[in-house]
Amino acid sequence: MARAQGARAQMALAFETTYGTPLAGGYTKMPFASTSLGAEQPLQTSELLGYGRDPQAPIKDAVTADGDVVIPIDAEAFGFWLKAAFGAPTTTGADAPYTHEFRSGNWVLPSFSVETGMPEVPRYAMYSGCMVDSLNWQMARTGLLTAKASIVAQGEEIATSTAVGTPANIALKRFGHFNGSITRNGANIGNVVSADLTYANNLDRIETIRADGKIDGADPSIAALTGNVVVRFADQTLVTQAINGEACELAFSYTLPTGESLTVTAHAVYLPRPRVEISGPQGVQATFDWQAASDPLVGRMCTVTLTNDREEY
């Protein structure tokens, strides 16, 4: 009997036409580092009395299908996750490279199906009605650049053979921390040690009564774009902004030497007044836990621009 190994695991994704109904084809192979996506059904302990000290059989509870997928931030595959988080982009360009602009604030988000396969067992799990609840990643000086997509799914179906056929492959071009930069109002921010970004759709699960125990859907609520920047304390610029309650534009971007780029622009970012601690003889650092809001001039909270050779998403 073969034993399952993560090194042989596969993941394929396709956007659905109807919520909760996987497509018969059109899947794309997704690069991923790890996943906790799965369905679970807890048991309710029997509360009945009069049968002695030993309990009666437990009762099955509702099914919950969700989890996280850790994915590389690359020039092409990451666009699928951006579409799931923000909605379909506006694509410009008559020829490659193409520019895909994802905007926050869409009331309707696309659902998608994901199949994870372990061919040794074999076990192929199809998760339908998937939606991205949040997308998070960190910027640092070193290490591997990955993002975590938190997913809410409608349900899970297990099979012994794949249902996606032969998925399309993607030429992987990863961004790295070395390709990253952060700007404030168009100018580079100096002395940044690290940064964290989280875009959340705050999905509201529609938990109706159904015979199969699945949810009816997941509706996006008020979105949020939050994070933090850790800086070596060298001037009062950010502290002054925080004290005055003013907004600034923060842009987090990556650019490859071959021309592919990714830029997340938060149009109106507000900073809290931080505690500046002197903890020893080393350099003094300050952490700003920022929040983004809708910019009245731009008309939205954030814009994500992805430039690559893919014609559409």
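Threonine 307 counts as buried, at 13% relative accessibility. Here buried means under 20% relative accessible area, exposed over 50%, and partly exposed in between (1.4 Å probe, protein chains only). The model is predicted: local features need pLDDT of at least 70, side-chain atom pairs count only at pLDDT 80 or more, and totals for chains, interfaces and linings use all residues. Residues are numbered from 1 along each chain as its sequence is written, and side-chain values use heavy atoms, with hydrogens and water left out.

Threonine 307 lies in strand 23. Strands (E, at least two residues) and helices (H or I, at least four) are DSSP runs, numbered from the N terminus. Neighbours within four places in sequence aside, threonine 307 is in contact with Pro97, Tyr98, Thr99, Gly259, Glu260 and Ser261. Contact means heavy atoms within 4.5 Å.

The chain has 23 strands and two helices. Its C-alpha trace spans about 70 × 60 × 40 Å along the principal axes. Of the 313 residues, 42% count as buried. Among contacts between residues at least 6 apart in sequence, 70% join residues at least 24 apart. The chain exposes about 16,600 Å², and carbon and sulfur atoms supply 50% of that area. Accessible areas come from the Shrake-Rupley method with a 1.4 Å probe; for residues, only the protein chains shown count as cover.

A search of the whole structure finds one cavity of 30 Å³ or more. A cavity is a set of points, on a 1 Å grid over the protein atoms alone, where a 1.4 Å probe fits but cannot get out; lining residues have an atom within 4 Å of a point. The largest cavity has a volume of about 80 Å³. Grid points are joined across faces, edges and corners, and a volume is the space filled by probe spheres set on the points.

The lining of the largest cavity comprises Leu82, Phe86, Leu135, Trp137, Leu197, Thr198, Tyr199, Leu225, Val264, Cys302 and Val304. Helix 1 (78-86), strand 11 (123-139), strand 16 (192-200) and strand 23 (302-308) each give two or more residues to it. Strand 16 supplies the largest share, three residues. By class, the lining has ten nonpolar residues, one polar and no charged. Ala, Val, Leu, Ile, Met, Phe, Trp, Tyr, Cys and Pro count as nonpolar, Asp, Glu, Lys and Arg as charged, and the others, Gly among them, as polar.

The structure holds zero disulfides, a disulfide being a pair of cysteine sulfur atoms within 2.5 Å. For cysteine 302, the nearest cysteine sulfur is that of cysteine 248, 14 Å away. Cysteine 302 counts as buried, at 1% relative accessibility. Cysteine 130 is also buried, at 0%.

Technical notes. On a 1 Å grid over the protein atoms alone, a cavity is a set of points where a 1.4 Å probe fits but cannot get out, and a pocket is an open set with protein on both sides within 12 Å along at least five of seven lines; lining residues have an atom within 4 Å of a point.
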